[in-house]
Amino acid sequence: MKVKLVCLVLLVVLTGCTDEHILEKSGFIRTIAYDKESGEPKDSMRVTISITKSNHQDAIVYSVVAKSDKDAKSHFDRQNNRRLVTGQLRQVLFGEKLAREGIWKHLDSLRRDPMIGSRMHVIIAEEDPYHILLRNDYPQGPTAGEYIDTLIRTEAKAGDIPDSNLYTFSRDYYDEGIDPVTTIIREQKESLIIDGVALFKDDKYVGKVEPSDRMFFGLLHHNIHAGDLYLNLKEDHDDGEQASLQFLRSRRKIHVTSSSKLLQGKRLKVDMDIKVEGSLLEYIGELDMKKPAEQRKLEEEIRKSIQTKCRSLVRTLQEKQTDPLGIGQYVRNSLPVGVWHRLDWRKVYADADISVHVHVRIKDYGKLQH
Amino acid sequence: MNKVKEKLNVFHITLLIFMTEMNITMFSLPRLIVENIGTNGWIGYLALSVLATFNIFLYWLVYRMGRGASVFQIMECALPKAVMYPVYWALAVFWIFTASFTGKNFFLIFQMLSFQTTNPMFIFLLFCLMVFALLIKNIYNISKTATVFFFMTIWTVGLTVYQFQDWEIVRFSPHLFQLASQGHSFRNWMEVYTTFMGYELCMFLFPHVTKKSKLFQGVFIGHWVITIAQLIVILTAFGYFSFHQIESLLYPIIDLLDFIEMPFINRIENLVFSMFVFANLIVTVMYCFAALTAIKQTCPKVKPNRLEFVIVTMVFFTGYIPKYLGQSEQLLRKVLYTETYIAFIVPVVLICVLLYLKLKGKVPNNES
């Protein structure tokens with residue numbers, strides 16, 4: 001009996017020994033970058049990987065011009081003295097030029113890999129992503145990969161930028177009536193900076209939301225839980241009336257008010273209601289915050305300012321025929337399936353009458369009375 | 001010392017049925033629904049659960065009409081043993097195949113996540129040892145084990161709260177049963193129905209219960225608890241993934257788990273999926289138990305543990321047939337389709353036999 005028991009325990013315990021993954025012998029790829037340089041053949045690209053060293057302070061960067069991911073991987077395998085694994089992959093960067101041609105085929109192969117998590121960030125790099133990864137002198141983080149990861153997480157948590165990862169990109173790419181978005185980063189002398197939101201038409205990068213507009217885009221795109229909004233209330237005046245709403249929360253609702261006879265060319269009408277509330281912790285202007293009437297007036301000014309910005313942003317999106325706000329999802333749900341599929345959605349969207357209505361409520365004015 | 005034969009009670013029956021219905025198709029269920037039923041397929045899933053309830057009702061009728069007699073006693077009262085024995089053998093072999101394909105399929109999926117280069121038959125061998133250890137115990141002990149395994153797996157339903165932040169009602173559609181890529185057909189709806197398979201094994205519990213056991217109360221509750229648990233997961237998947245995204249995912253439930261990130265751990269799908277080995281173990285054991293009961297009927301005097309050993313050995317060697325995941329999925333689909341037919345045909349035949357016996361004035365021998 002004892003012999004049987006020992007045999008059984010050995011069998012169970014030693015099973016794991018057949019498939020070893022020794023940490024010290026693995027090279028954890030932290031970041032992958034795909035890029036295309038001008039003059040490169042059409043069917044090739046530059047693939048760069050960054051592997052965090054076991055001291056977590058440095059990174060090894062490999063780069064090669066290859067025809068496919070697998071082609072590049074075999075090249076890296078031949079150089080690296082540790083087995084390359086993708087389980088710790090945190091972000092994939094796409095160079096702007098390559099992103100304009102479409103990024104899905106690269107993401108698709110990453111999605112297939114069961115080792116890669118769906119929280120991996122998808123990012124567009126305005127500068128050369130190879131150089132972003134090669135640099136190891138960012139004061140903010142030990143390696144570029146670590147720095148990008150924490151930067152994107154912090155900003156996305158506040159709601160400043162949409163959390164663009166493999167899951168959200170695939171979800172919106174597959175869905176009918178919405179286009180995916182990603183974050184854009186740019187290299188500066190001493191840091192990396194979030195440089196707006198990348199807009200896609202299917203999987204092709206078609207334009208960007210400027211960083212100064214990213215909060216307005218956030219209000220239109222998703223519900224914000226804890227953002228900060230800086231407003232220039234009278235941009236056309238020189239008196240520079242400014243306000244800042246902090247700990248901002250927003251809720252958006254989309255109503256399709258008229259979607260009948262779209263196939264006959266009738267114009268689509270959509271109303272977007274955005275409720276915003278936050279704490280006013282900074283105000284430079286003439287209004288007296290002690291007086292309730294003037295508080296209402298300020299709310300109205302803020303409302304108008306946000307509304308104008310949002311409307312102009314929506315018009316820009318319509319011009320680019322990209323629908324990251326998911327208006328198409330609501331239109332799709334308001335139409336019979338057959339009508340939706342016969343619709344030239346991009347065209348209907350570009351011509352649609354989309355009204356944005358903003359409602360602002362200032363929760364408090366900080367700890368001072370005025 | 002005389003052993004007191006323990007009888008099952010309603011609580012254990014409920015959890016045993018829950019665990020037996022929790023088969024491996026659960027991981028692909030949202031995709032199966034999207035492909036075969038289409039938009040708002042969860043309503044179709046509920047309708048199919050009602051159909052399964054009707055099927056359970058048929059078993060209840062058999063139990064009532066047969067006054068608790070086992071299915072073998074009912075059949076042997078009407079037909080000679082020589083006719084019935086080959087049927088028992090055929091069913092036993094089929095259930096061994098079902099047990100084996102279900103068990104092996106789990107490990108082929110498991111190998112996608114962990115132990116990629118280990119020989120799957122080696123892991124399957126260890127699994128078969130666990131099956132053997134459980135099978136040599138009686139159904140009362142199997143049900144007690146199922147109760148422990150239930151509590152080890154049920155908490156995973158609570159993990160759906162992690163998807164709540166990204167869940168949006170707009171991803172549901174107001175349209176009913178549209179865009180089913182496989183098209184609507186009896187066979188396609190049945191593919192979703194196969195997820196409920198397991199409740200039909202309640203027919204082997206007849207000799208192990210008394211009136212106090214409230215067998216069918218347990219079966220009905222067990223079936224509806226798993227329906228609700230799976231419905232929560234389906235609704236989560238429908239609002240979390242987009243419609244065509246679900247279509248593209250082989251096992252959407254694993255992808256649901258993939259997204260969960262806790263401060264101390266992420267990528268918990270490897271951990272959580274391994275927990276389901278217990279659910280899979282109960283499913284495999286229960287099909288082996290069905291096969292064992294059928295074979296025991298034909299040769300009741302075999303020494304203890306011999307038949308169990310033969311059955312588990314057959315399960316292990318049958319495990320060599322599915323070598324690749326795709327092949328395993330196809331084989332599993334085939335056995336589950338057949339099992340669905342069996343689940344409906346058996347009670348109908350038994351009811352007909354019982355009606356015939358009633359006409360003849362015979363009563364099935366109810367001695368256990």
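# Close-up views of a predicted model

**View 1. B:Leu8 is buried, with a relative accessible area of 2%.** Buried means under 20% relative accessible area, exposed means over 50%, and partly exposed lies in between (1.4 Å probe, protein chains only). This is a predicted model: local features need pLDDT of at least 70, side-chain atom pairs count only at pLDDT 80 or more, and totals for chains, interfaces and linings use all residues. Residues are numbered from 1 along each chain as its sequence is written, chains are lettered from A and ligands numbered from 1 in the order in which they are written, and side-chain values use heavy atoms, with hydrogens and water left out. B:Leu8 sits in the segment before helix H1 (10-21) of chain B. Helices (H or I, at least four residues) and strands (E, at least two) are DSSP runs, numbered from the N terminus. Which residues does B:Leu8 touch, not counting those up to four places away in sequence? They are B:Ile13, B:Ile139, B:Tyr140, B:Ser143, B:Leu205, B:His208, B:Val209 and B:Ser213. A contact means heavy atoms within 4.5 Å. Now look along the chain to B:Ala291. B:Leu8 and B:Ala291 are 283 residues apart in sequence, and their C-alpha atoms are 20 Å apart in space.

**View 2. Chain B has 14 helices and zero strands.** Its pattern along the sequence is α-α-α-α-α-α-α-α-α-α-α-α-α-α. The C-alpha trace spans about 60 × 45 × 35 Å along its principal axes. A compact globule of 368 residues would have a radius of gyration near 21 Å, and chain B agrees because it has 21 Å. That radius is taken over C-alpha atoms, and the globule rule is 2.2 Å times the number of residues to the power 0.38. Of the 368 residues in chain B, 60% are buried. Take the contacts in chain B with a separation of 6 or more: residues 24 or more positions apart account for 86% of them.

**View 3. Helix H3 of chain B covers residues 41-65.** H3(B) has 25 residues. From first C-alpha to last, H3(B) reaches 36 Å, close to the 36 Å expected at 1.5 Å a residue. The expected span is 1.5 Å times one less than the number of residues. An α-helix has 3.6 residues a turn, so residues three or four places apart point the same way. After H3(B) comes B:Arg67, with a positive phi near 50°.

View 4. A disulfide is a covalent bond between the sulfur atoms of two cysteines. Here, it counts as a pair of cysteine sulfur atoms within 2.5 Å. For B:Cys288, the closest is in B:Cys128. Are these cysteines buried or exposed? B:Cys128 is buried, at 3% relative accessibility. B:Cys288 is buried too, at 0%.

**View 5. Chain A has an open sheet of four strands in the order S10-S11-S12-S13, with mixed pairing.** S10 (227-232) and S13 (353-364) stand at the edges, each with a single partner strand, so one side of each has no neighbour in the sheet. Neighbouring strands are turned by 40° against each other on average, direction ignored. Helix H9 (292-319) of chain A packs on the sheet, touching S10, S11 (242-258), S12 and S13. The direction of H9(A) makes about 145° with that of S13(A). Axes are lines fitted to C-alpha atoms, for helices over the stretch in contact, and angles run from 0 to 180 degrees between N-to-C directions.

**View 6. S12 (269-284) of chain A pairs with S13(A) in the parallel sense over eleven bridges.** Two strands pair if DSSP finds at least two bridges between them. A:Ser279 stands opposite A:Asp364 in S13(A). S11(A) and S12(A) pair in the antiparallel sense over 14 bridges. Here A:Gln242 stands opposite A:Ile284 in S12(A).

**View 7. Helix H10 (327-334) of chain A lies across S11, S12 and S13.** H10(A) runs at about 25° to S11(A). Why is H10(A) largely enclosed by the rest of the structure? Six of its eight residues are buried. They are A:Ile327, A:Gly328, A:Gln329, A:Val331, A:Arg332 and A:Asn333. Their cover includes S11, S12, helix H11 (337-342), helix H12 (345-351) and S13 of chain A.

**View 8. Chain A has twelve helices and 13 strands.** Its C-alpha atoms fill a box of roughly 85 × 65 × 60 Å along the principal axes. Of its 370 residues, 50% are buried.
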